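This briefing covers helix packing, a sheet and an aromatic pair. Please keep the structure open while reading.

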Amino acid sequence: MARLDDVRNVLLAAVLLTAVGVSSAPAQDARRPTRILLLFQQQAETAPMVEFAQPLRREVLHGLKGPVEFYQESLDLDRFPDHEASPRLQNYFENKYRGVDVDVVVPVGGRALQFAVGSLANLFSRAPVVFALNAAPQTNPATLPSNVTGRLGVASRFGPTFEMARALQPDAERVVIVGGASSADSTSVDAAVVGVAGTKVPLPVQLLTGMSLDTLLTRLHGLPRRSIVIFANFRRDALGQVFDPVDLIATMTRASSAPMYTQLRSYVGEGVVGGFVLKFDDEGARTGRLIVRVLSRRPGEPLPPVELFDKTFVADWRALRRFDLDPRRLPAGTEILFRELSLWARYRAAVLMAVAVITLQLTFIALLLLERQRRRRAQAELREQSAYEQTIARLTTDAVRHAPEEAPQALEDALSHIAEYAGASAAALVQFPETALGVPVRLTWEAPTNGTRPSTSALSSSHPANGSRLEIPLIADGARIGTLELHRANGAGWPASLIRRLDSAGEVIASAMARSRAVRTVRRGEELNRAVLASLSTQIAILDNNGTIIRVNEAWRRVAARGPSDEPRDGFVGANYLEECRRAELRGCDEARMIREGIEAVLQRRAWPFRYEYNWSDPVPRWYELFVDRLEMSEGGAIVTHFDITDRRLAERHADETRRQVAHMGRMALVGELAATISHELRQPLAAIRVNAEVGTRLLAANPPDVGEAREIFESIVGDDVRAVELIEGVRKLLRKEEPVMTIVDLNQVCRDAMRLLQHDAVLRGVRLELGLAPQRPLVAGDQVQLQQLVLNLAINGLEAAGASAGGTERSVVVITKRDPDHAEILVHDSGHGIGIDVQPHLFESFFSTKIGGLGLGLVIVRSIVERHGGRIAVENHPLGGAVFRVRLPVIANAPPLAGAAMSSVPGNDVPVG
């Protein structure tokens, strides 16, 4: 029965394999091959290109593991220099490859790359381009399209070759560069010239370019021996003949009377000395691997970056011997080809093999003689190893597996085990203190004598006065935490193998001691954290990364216990702070939403810290600040703190009230100083009202009465009355002590009103007042009374400074307004003596004054008003004399027009008002 089951299973497997084979065969045949277009700049049949293409094909076939079709085109641009710009060539490619899905285009050479990304860009728009055998600076990766990558040579191609030649020929007197007449030859010659010129010790350069082949050979034959010949390129001569440099290089080297160097590996072996060369086979293999990487990338994945290919130094032994060049001067790592081996080099393997056989026989005999001794030594070591392993096992059990609280007893057991293993008569374990003020702890052990039991003690410090002593340091985490001391009373030494094992045992003891210390440190840290949190009067809660409260301090618990809930709770530990805020939002508390969003921003590491102020009546009003900062832990979290800032808020209110009182006192003093001006301003309208009233009475008493003239006189009376009322109302505003009212203020109008009040005072002092207003009204947000007080204080200081100046100069005070897109400025310039350098730092200090009897509050009030309006004030001495106070305030962009604000006629920007 079992045999029938086996036969059935075999038949079933055969049927399945047949079905799989049949079904998979069409799928494999239907798979489209990968198509690769090799676009050669020169002829593809030349030896260097064949050497490059063969390893490329092998790497691609090996890496893709599937059918691959190679298409190969030769542009042959040296022989047909205008061919690449021909529309017929582009039409040839379009007609030939229309309908052929090329997967990757591989241009070989710089001009082939330009043709691929230029003329063939539309034909193969979906195929990536992997260029090869390109060099900088002719090819710049930064200017290539995104679908182009490849392998690029360094810019200095000929510099290392020249350095190699310079080392081999230190007595060289010139450099000769050989090149042909084509554009590609000229490019190579230019690169060679640049490479030679960039070296540390340049030599005179002679160019053998643009001549026929016969002429070139003659010139090479006549070169001095102390010349360095560098072959750049020679694809066309002056007669128009096209050559493959591989076919000419041997002829040139035979004709040259000086050593010749090159940059291509294919030329080495044809008579050139060597150079910093490119290996075409190696570069072909690396380019093939890059093509595999490009074709194997995932959809959407960018192309690999451009790779730089390296060259190697290669030299021909035969050429070195021909020109008597010392190979020891070659750069390190230079590959020397075609070396002729000496007798030792030829037969070294056979000689070494014979010596090895003899040595092996002698060694085998010696091993046989030492076998018995080794066997005995191994047995002794095995016994010692077994004892050591048992000791380590005991140490591990006693010292490591004990709880930290049992560490002292575990260390005593470990000390006795290791002392017995070492054969010591006494031992001591010294534990260094964990702090600078601690005392070392010493455990001792003594071997049993006369049948007594071994003993350990933490107090004994005795040890044998004579004998040998071994001290093993106990080190954990790079720090010495103790010492293990072992004594032998018989004076026996300590073998090196035993010391090594005792060191390992000491590491086990040190690890156990460090573990106990770490546990104690963690526990002390936890106790210290709890004590610090409990001692803080500020309410503190710690949240995890989800917003759940995981720890609070005692102040937080006391506040939480005052809540209305009767449920037992421990400061809401375990509750979610964010959920509590959301429930408060549903009850209509908008502050809870702002707090929740701030905490979420800190938890998500989007912003920190978060601050929010609120007040709470409990039962008296108090102010608190909520401060949320991130918790510096890998899993995240936040620290929520509630600070009581009531005292700070009360102090700020008191300071504001004090500033308002000082400003009011300043305005009172200002009005006192302006008393003469106010009296003068009121006297004029009142006198005009009286005169007009008398004239109007006579006009009405005439027969017949002149009613029209009387009406004009009464209208003039009304105007004079309005002037007097406006003046009195302005003084009342200055004297009134009230809360500041923030409105839109026109600084031009403020300056006009201030100058009108100061006009009489300026006349009395003999000072000219000038007003220069900005054409565009500077509108700011502020209190008009305070801004007028600011201008008056600065202008009065300017009048006093100008009035005290020498009589020979013109006394003046100029008030100017300016505006830019963001700020408005008020400048007050007087013609006084200016401000001394020693006075300027103290100008805005309280109770500092340069006037006799001055209170030193005027400029303090000015600075307070400027800062309250978000501005800045500065003072400087004008180059033409006097001081300039500059007030800079932020303007209101797109401000609405001022209701009822009338602009007085201003004929220009510099209007004298006194």
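The axes of helix α15 (residues 577-586) and helix α16 (residues 590-603) come within 8 Å of each other, crossing at roughly 155°. The model is predicted. Angles over 145 degrees count as roughly antiparallel, and α15 and α16 are therefore roughly antiparallel to each other.

**Contact of α15 with α16**
- The crossing of these two helices, α15 and α16, is left-handed.
- On the α15 side, the contact is made by Tyr 577, Leu 578, Cys 581, Arg 582, Ala 584 and Glu 585.
- These residues meet Ala 592, Arg 593, Ile 595, Arg 596, Ile 599, Glu 600 and Leu 603 in α16.
- By class, the residues of the contact of α15 with α16 are eight nonpolar and five charged, with no polar ones.

**Contact of α21 with α22**
- Helix α21 (residues 784-803) and helix α22 (residues 858-868) have axes that come within 9 Å and cross at roughly 145°.
- The crossing of α21 and α22 is left-handed.
- From α21, the contact involves Gln 786, Leu 787, Gln 789, Leu 790, Asn 793, Leu 794 and Asn 797.
- From α22, the contact involves Gly 858, Leu 859, Ile 861, Val 862, Ile 865, Val 866 and Arg 868.
- The residues of the contact of α21 with α22 comprise eight nonpolar, five polar and one charged.

**The six-stranded sheet**
- Six strands form an open sheet in the order β2-β1-β3-β4-β5-β11, and their pairing is parallel.
- The edge strands, β2 (68-74) and β11 (307-309), each pair on one side only.
- On average, neighbouring strands of this sheet are turned by 20° against each other, direction ignored.
- Strand β3 (residues 104-108) pairs with strand β4 (residues 129-135) in the parallel sense, over two bridges.
- Val 108 stands opposite Ala 132 in β4.
- Helix α2 (residues 47-64) lies across β1 (34-40), β2, β3 and β4, and runs at about 160° to β2.

**Aromatic pairs**
- The structure holds eight aromatic pairs.
- In one of them, the rings of Tyr 97 and Phe 124 have centres 5.9 Å apart and planes at 70°, so the pair is edge-to-face.
- This pair links distant parts of the chain, 27 residues apart: Tyr 97 is in helix α3 (residues 87-97), while Phe 124 is in the loop between α4 (110-118) and β4.

Methods
Residues are numbered from 1 along each chain as its sequence is written. This is a predicted model: local features need pLDDT of at least 70, side-chain atom pairs count only at pLDDT 80 or more; totals for chains, interfaces and linings use all residues. Side-chain values use heavy atoms; hydrogens and water are left out. Axes are lines fitted to C-alpha atoms, for helices over the stretch in contact, and angles run from 0 to 180 degrees between N-to-C directions. Helices (H or I, at least four residues) and strands (E, at least two) are DSSP runs, numbered from the N terminus. Angles under 35 degrees count as roughly parallel, over 145 as roughly antiparallel, 65 to 115 as roughly perpendicular and the rest as oblique. A crossing is left-handed if the near helix is turned anticlockwise from the far one by less than a right angle, and right-handed if clockwise. Contact means heavy atoms within 4.5 Å. Ala, Val, Leu, Ile, Met, Phe, Trp, Tyr, Cys and Pro count as nonpolar, Asp, Glu, Lys and Arg as charged, and the others, Gly among them, as polar. Two strands pair if DSSP finds at least two bridges between them. Rings of Phe, Tyr and Trp (its six-membered ring) pair if their centres lie within 6.5 Å; planes under 30 degrees apart count as stacked, over 60 as edge-to-face and the rest as tilted.
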